[in-house]
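Please look over the sequence and the structure shown here before reading on.

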Amino acid sequence: MEIKSAKFVISNSDYQLCPQDGKAEYAFIGRSNVGKSSLINMLCNRKGLAMTSSKPGKTLLINHFIINDNWYLVDLPGYGFASTGKAMREKLKAIIESYILYREQLALLFILLDSRHEPQKIDLEFIAWAGENGIPIALVFTKADKLSKSHLNDNITAYKNTLLEQWEELPPIFITSAEKHEGRTEILDYIDKVKM
Ligand code: GTP
Ligand code: MG
């Protein structure tokens with residue numbers, strides 16, 4: 001599938017205020033700074049479409065981008081950002097959770113994981129929470145350019161083994177680098193498949 005156009009539509013703190021045209025949405029979640037906004041820009045081939053930062057806590061709202069005038073990519077705030085303070089963290093948690101649980105248009109949630117790290121408790125808990133709530137998910141390993149191929153393979157194998165302690169079957173898994181434009185075709189083709 002090709003992306004012919006990608007346009008920012010609206011930012012919201014409340015899922016009920018998001019676009020009401022019923023078009024399917026593919027959303028990106030993960031820890032703050034994991035690379036959600038960068039991945040959206042990479043998929044759309046548009047630097048600066050979604051705002052990114054080297055500091056965590058850049059995206060604080062639900063951001064809708066309309067693709068090919070037909071469906072949405074949704075950039076969500078990250079979870080687990082320690083220095084935002086408890087009140088802010090709780091507020092972001094409520095925004096994210098209500099969007100994921102109640103947004104009927106949500107066709108698929110991509111959960112992003114930093115490929116440099118071992119399985120982290122917060123991510124495993126989030127994946128389990130999504131599973132318990134019947135949310136269709138796919139996992140995306142980010143920043144693959146930051147480590148060697150063998151290290152990358154080791155980390156992903158370790159992750160799969162940890163998940164298999166809880167899951168009978170693994171969700172779809174994608175390996176990406178926003179920097180090197182890796183994993184783009186695979187993700188777009190998967191979205192295409194889900195849409196049909
Ligand atoms: P929040 O909005 O704060 O939750 O963060 P985010 O998940 O949207 O992360 P963002 O896309 O803003 O990226 C965070 C930092 O990681 C930025 O400095 C990016 O340039 C960098 N980054 C993201 N993806 C990649 C990647 O694939 N490779 C490399 N080397 N850096 C990346
Ligand atoms: Mg962001």
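What follows is a short briefing on the protein and on the surroundings of its ligand.

This is a predicted model, and every value given for the model is computed from it. The protein has 196 residues and a radius of gyration of 16 Å, which agrees with the value near 16 Å that a compact globule with this number of residues would have. Ligand 1 sits in the largest pocket.

**Overall fold**

- The secondary structure of the protein consists of five helices and seven strands.
- Read from the N terminus on, these elements follow one another in the order β-β-α-β-β-α-β-α-β-α-β-α.
- The C-alpha trace spans about 45 × 40 × 35 Å when it is taken along the principal axes of the protein.

**Residues around the ligand**

- Ligand 1 is surrounded by 22 residues, and the closest of them are Lys36, Ser38, Gly57, Asp145 and Ala178.
- Within this shell around ligand 1, twelve residues are polar, seven are charged and three are nonpolar.

**Polar contacts and cover**

- In the side chain of Asp145, an N or O atom lies 2.7 Å from a nitrogen atom of ligand 1.
- Taken on its own, ligand 1 has 650 Å² of accessible area, and the protein covers 88% of that area.

Definitions and conventions: Residues are numbered from 1 along each chain as its sequence is written. Chains are lettered from A and ligands numbered from 1 in the order in which they are written. This is a predicted model: local features need pLDDT of at least 70, side-chain atom pairs count only at pLDDT 80 or more; totals for chains, interfaces and linings use all residues. Side-chain values use heavy atoms; hydrogens and water are left out. A residue is near a molecule or strand if one of its heavy atoms lies within 4 Å of it. A polar contact is a pair of N or O atoms within 3.5 Å; within protein, one must be able to donate a hydrogen and the other to accept it, and residues adjacent in sequence count only if both atoms are side-chain atoms. Accessible areas come from the Shrake-Rupley method with a 1.4 Å probe; for residues, only the protein chains shown count as cover. On a 1 Å grid over the protein atoms alone, a cavity is a set of points where a 1.4 Å probe fits but cannot get out, and a pocket is an open set with protein on both sides within 12 Å along at least five of seven lines; lining residues have an atom within 4 Å of a point. A molecule sits in a cavity or pocket if more than half of its atoms lie within 2 Å of its grid points. Ala, Val, Leu, Ile, Met, Phe, Trp, Tyr, Cys and Pro count as nonpolar, Asp, Glu, Lys and Arg as charged, and the others, Gly among them, as polar. Helices (H or I, at least four residues) and strands (E, at least two) are DSSP runs, numbered from the N terminus. The radius of gyration is taken over C-alpha atoms; the globule rule is 2.2 Å times the number of residues to the power 0.38.
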